[in-house]
Amino acid sequence: MSSSLVPGRLVLAATPLGDVRDASPRLASALAEADVIAAEDTRRLRSLASALEVTPRGRVVSFYEDVETARLPKLLESLRAGETVVLVTDAGMPSVSDPGFRLVAACVASDLPVTCLPGPSAVTTALALSGLPCDRFCFEGFAPRKPGERSRWLTSLVSEPRTVVFFESPHRVASLLADAASVLGASRQAAVCRELTKTYEEVKRGSLSSLAEWAAEGVRGEITVVLAGAEPRSVSVADLVSEVASRVEAGERLKSAAAEVAEAAGVSKKELYDAVLASRVK
């Protein structure tokens, strides 16, 4: 065991999305050798270890969203004592819409070493499979659940030039695609990636309207959506007034809506704000 004066190391370890054969030899070694394994789901961790024919020698502790904050002090204590802590989530890369960020931030603040065992990620897997441009993209996490928040979020993507990747529940994906077709345009291209790397993997590509029609029949499994970026367009302040008005009607403050729309379109924030006020007088 390392001296308590020597800081330990936090290891962020990517785990398979579905096919256990995607696990790296380094992951198997890390699970076998860790002093502590912090797992989003300890049962899944046990199943993964069994499939890899690994017997963890260290302590296994749960580390899911509801207990993240409460677990931090003990894990930091272990790291300061020189122990190696391996963090794994149910599938993919820790911190990417999964537990991990708070622990990493706490380690950075305490000047404790953090490293990563790279591996599977639904974000980059879906992006590569989508058939859409991959040179520039942004990840939006999970789509907002509430209608008002979803409307504002979709509106913010109207002029987004980068390919957008996000997660969605199979129970909400049909309504989201229908809303997206309405806000972003029926012809905007997208891909819905379902059950990546698993037995029933499926990637549906097409326009938002066609995908919404397909999803209306019901979709199962874990979903990652990839949305094409907006086509470059020449816009004037006058063209953007209605866009700001729609966001305000959805509950957003005029000032923030005007600022975001103006920034995305590359026009003056003040000119757009004044134009919206002037349109109300007419």
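Select strand 7 (residues 163-168) together with strand 10 (residues 223-227): five bridges join the two, and they run antiparallel. Strands here are DSSP runs of E with at least two residues, helices are runs of H or I with at least four, and both are numbered from the N terminus. Two strands count as paired if DSSP finds at least two bridges between them. Within this pair, phenylalanine 166 stands opposite valine 225 in strand 10.

The model is predicted; local features need pLDDT of at least 70, side-chain atom pairs count only at pLDDT 80 or more, and totals for chains, interfaces and linings use all residues. Residues are numbered from 1 along each chain as its sequence is written, and side-chain values use heavy atoms, with hydrogens and water left out.

Strand 6 and strand 7 run parallel and are joined by four bridges; here phenylalanine 139 stands opposite valine 165.

Is strand 7 buried or exposed? Six of its six residues are buried, so strand 7 is largely enclosed by the rest of the structure. Buried means under 20% relative accessible area, exposed over 50%, and partly exposed in between (1.4 Å probe, protein chains only). Thr163, Val165 and Phe167 cover one side, while Val164, Phe166 and Glu168 lie on the other, and all are buried. In a regular strand the side chains alternate between the two faces of the sheet.

Next, display the largest nonpolar core, which has 25 residues. Such a core is a set of buried Ala, Val, Leu, Ile, Met, Phe, Trp, Tyr and Cys residues joined through side-chain atoms within 4.5 Å. The residues with the most contacts inside this core include Trp153, Phe166 and Leu208. Helix 7 (173-184) gives the largest share, six residues. Centre the view on leucine 208: leaving aside neighbours within four places in sequence, its contacts (heavy atoms within 4.5 Å) include Leu177, Leu184, Arg188 and Leu227.

Move to the open sheet of five strands, which has the order 3-2-4-1-5 and parallel pairing. Strand 3 (59-62) and strand 5 (114-117) are the edge strands, each pairing on one side only. Select strand 1 (residues 9-13), in which four of five residues are buried. Four bridges join strand 1 to strand 4 in parallel, and strand 1 also pairs with strand 5 in the parallel sense over four bridges. Leucine 12 shows both pairings: it stands opposite leucine 87 in strand 4, and its bridge partner in strand 5 is cysteine 116. Alanine 13 has leucine 117 as its bridge partner in strand 5.

Finally, select the cysteines. How many disulfides does the structure hold? It holds zero, a disulfide being a pair of cysteine sulfur atoms within 2.5 Å. The sulfur of cysteine 116 is 13 Å from the closest cysteine sulfur, in cysteine 107, too far for a bond. Cysteine 116 counts as partly exposed, at 33% relative accessibility. Cysteine 138 is also in no disulfide, with the nearest cysteine sulfur, that of cysteine 134, 13 Å away; at 9% relative accessibility, cysteine 138 counts as buried.
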